[in-house]
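Dear colleague,

I am passing on the structure below, and after it you will find notes on what turned up when I went through it. Please keep the model open while you read.

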Amino acid sequence: NAVHRKLLLSLLEQYQPISQADFDVKNTIESFVKIYPDCFERTLEIGHITASAWLLNKADTHAMLMHHAKLNLWVQPGGHCDGESDVLAVAIKEAQEESGIQSIVPVS
């Protein structure tokens, strides 16, 4: 958990916001991960880290979106970490489960 929290914080530190709103969200997430060691647990009432993935075709011309019935929105595949702190592994697992595509290879 501590290793993955450190990795997540490192990735957040590298992220370059393009707007003030992005900057504010980045700072909020960084603070949240630093303050709450259990940030990957859905039982954390204040909130929790989730993972998602953009699924692109090989030509990078199409992306897959899923309809989220509860929110009535089109979103990228993803879900709750449920205590798993390896966010990339969760993103891949959720994308495989939701899309039915097993051969997902991360590019970033």
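A nonpolar core is a set of buried Ala, Val, Leu, Ile, Met, Phe, Trp, Tyr and Cys residues joined through side-chain atoms within 4.5 Å, where buried means under 20% relative accessible area, exposed over 50% and partly exposed in between (1.4 Å probe, protein chains only). This is a predicted model, in which local features need pLDDT of at least 70 and side-chain atom pairs count only at pLDDT 80 or more, while totals for chains, interfaces and linings use all residues. Residues are numbered from 1 along each chain as its sequence is written, and side-chain values use heavy atoms, with hydrogens and water left out.

The largest nonpolar core has 17 residues, of which Leu8, Phe32, Val33, Cys39, Phe40, Ile49 and Cys81 touch the most other members. The elements giving two or more residues to this core are helix 1, helix 2 and helix 3; helices are DSSP runs (H or I, at least four residues), numbered from the N terminus.

In helix 1, the buried residues are Arg5, Leu8, Leu9 and Leu12. They lie on the same side of helix 1, because they cover an arc of only 100° around the axis, the arc being that of the directions from the helix axis to the C-beta atoms. The face turned away from this buried side carries the exposed residues Val3, Lys6 and Gln14.

Leaving aside neighbours within four places in sequence, Val33 is in contact (heavy atoms within 4.5 Å) with Arg5, Leu8, Leu9, Cys39 and Ile49. Ser31, found in helix 2, is partly exposed, with a relative accessible area of 37%.

Best wishes
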